[in-house]
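Hi everyone, thanks for coming along. Let me put the structure up on the screen, and then we can walk through a few parts of it together.

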Amino acid sequence: MTDIDLKAQRHWWDGSLIYHIYIRSFKDGNGDGLGDIIGAHEMLPYLNWLGVGGIWLSPSMPSPDRDWGYDVADYKGVHPSIGTMEELERFISTAAELGIHVLLDLVPNHTSDQHAWFIESKGNPKSKYRDYYVWAKGKGPNQPPNNWIDATGSSAWTFDEASGEYYLHNFLKSQPDLNWWNPQIHREMDEIVQFWFAKGVAGFRIDVAHGLYKDKDLRDDPIAPPEDTVNERFNLIEKYSKNQPEVHDVYRRWRNLAESYSPPRLLLGETWVDGLEGLAKFYGKNDELQMAFNFLFTFSKFDASSLRKSIAETLRHLPEGSTPVWTASNHDISRFPTRWAKGDAKKIRVALTILATLPGTLVIYYGDELGFGDEAVPPKMMRDEMTAGIPGTRFERDSARLPMSWNSSANRGFSDGDSAPWLPYRANDYQDVASQMANRNSILHYARELFALRKTAYDFRREHFALLESPPDVLYYRTGRSYVASNLSDATIIAHCDPNSIVLHSLDNTSWEVQSDTIQLAGWESVISTQELRFTF
């Protein structure tokens with residue numbers, strides 16, 4: 001193989017590790033039981049130690065917290081419960097000194113019903129702000145304009161008696177959707193984007209990036225086929241309520257804006273689409289979003305065949321020269337240590353190995369590096385209005401949002417105050433940061449080794465990645481100068497290679513078996529080698 005220049009990054013995010021901080025659950029710096037910017041600032045040395053190159057900080061703008069920050073009341077402020085603008089700017093500055101770039105959440109699809117725009121829109125139908133939102137007449141008495149369903153399973157339309165019209169909300173009724181057919185919304189959002197870029201923000205994770213435009217004729221969404229379990233929502237496919245082609249003009253304009261800064265700013269989209277063709281459209285001709293989340297991969301089955309197919313098809317569909325992004329957990333879905341690994345430490349390590357060695361950018365959710373899974377929250381302590389106890393929702397999101405466990409003390413090191421945490425602490429299983437740091441065989445140390453190798457031994461570029469032939473239950477590929485093999489089965493699999501070429505394996509050393517030029521790849525084990533592995537079929 002020819003030499004590969006591992007330093008040939010085009011932008012900071014190419015091949016980088018982005019760490020998703022759900023701010024309310026990361027670290028409480030003022031003792032009120034709620035994570036905040038001061039607490040996150042305190043933990044920057046930990047993130048630097050881990051090898052993080054970017055932070056996705058979510059959410060941060062003022063909000064009445066019906067959806068915990070994703071119901072924005074002011075796009076140019078900082079939520080007072082998590083800090084001040086000065087504290088955020090200090091956080092961004094300190095992170096930059098460590099070589100860490102900070103992304104904020106941008107929520108352009110909807111606002112809070114407490115935003116000044118909506119208050120005026122609802123209160124004065126003749127105001128210019130009326131057309132900032134989607135208003136429509138019903139089909140008849142007590143009949144909404146169409147069959148669209150919001151995130152709770154109810155009608156996406158709420159009737160306003162004063163005006164006799166309905167307003168649209170694809171999420172909670174306290175989150176009215178903006179009307180992107182109105183050019184003034186474009187001007188408002190462009191100004192907001194530039195405001196934050198001027199503050200030193202490295203870019204945005206764009207919430208509901210696929211959903212800004214709605215069908216102009218407000219046509220009914222079609223019934224979902226039974227086999228579609230990713231895009232189906234309450235038995236409908238969101239063909240008209242989201243995923244309209246006009247959204248791509250927005251991202252082409254924002255891409256030009258992002259590229260006008262030095263260094264360029266990053267646009268990372270939350271893109272729930274009906275296939276990889278749809279995902280590729282958000283990259284455009286490398287002139288729209290630089291990266292778009294691939295939930296088809298995230299919700300793949302955790303077996304070699306499914307993952308191999310998902311990876312191959314993703315790389316085939318994305319435009320040449322673009323950057324794939326891989327993630328398996330976030331604040332809206334089940335954590336991968338539960339969803340994929342069922343809490344099994346061996347499977348968690350295999351999952352981390354695969355995630356960390358694929359070409360492109362890796363985004364992990366706080367606690368992924370510790371193997372944190374979901375934990376049930378007692379009904380009386382649930383805080384998420386959108387999913388708590390609502391039949392038909394895929395997942396109660398509170399289960400993936402519990403406070404970070406920094407140590408094994410009563411308050412898990414999350415808070416130094418006496419206030420109760422906003423969500424209950426995780427069970428004390430001694431899998432916290434301090435306990436895992438003290439154990440060299442922990443998931444945390446293994447994750448850190450993976451992330452360190454990612455910087456030095458792997459190659460993030462797609463052209464230096466190739467899926468290789470292997471037994472059916474093995475996911476095997478070359479990435480740069482390294483070869484990665486993961487056994488996704490209970491059976492032991494024999495491989496031939498120079499044992500001295502193995503630079504990392506996922507089981508602890510006491511379980512490692514080597515015989516001459518043969519290694520035994522145990523059930524649910526991954527290895528990384530500098531030489532090609534040959535398998536016995």
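Let's start with helix H11, where Lys-347, Ile-348, Arg-349, Val-350, Ala-351, Leu-352, Thr-353, Ile-354, Leu-355, Ala-356 and Thr-357 are buried, meaning under 20% relative accessible area with a 1.4 Å probe, protein chains only (exposed is over 50%, partly exposed in between). Before going further, a word on the source: this is a predicted model, where local features need pLDDT of at least 70 and side-chain atom pairs count only at pLDDT 80 or more, while totals for chains, interfaces and linings use all residues. Residues are numbered from 1 along each chain as its sequence is written, and side-chain values use heavy atoms, with hydrogens and water left out.

Back to H11. Because 11 of its 13 residues are buried, H11 is largely enclosed by the rest of the structure. The helix covers residues 345–357 and spans 18 Å from first C-alpha to last, close to the 18 Å expected at 1.5 Å a residue; that expectation is 1.5 Å times one less than the number of residues. Helices here are DSSP runs of H or I with at least four residues, strands are runs of E with at least two, and both are numbered from the N terminus.

In what order do the eight strands of the open sheet come? They go S11-S10-S7-S3-S2-S1-S13-S12, with parallel pairing; strands pair if DSSP finds at least two bridges between them. S11 (291–292) and S12 (325–326) are at the edges with a single partner strand each, so one side of each has no neighbour in the sheet. Further in, S1 (residues 17–22) and S2 (residues 54–58) run parallel and are joined by five bridges. Tyr-22, for instance, has Ser-58 in S2 as its bridge partner.

Finally, two residues in loops. Beyond its neighbours within four places in sequence, His-210 is in contact with residues including Lys-242, Glu-270 and Phe-282, contact being heavy atoms within 4.5 Å.

Arg-440, in the loop between helix H12 (433–437) and helix H13 (443–456), counts as exposed at 60% relative accessibility.
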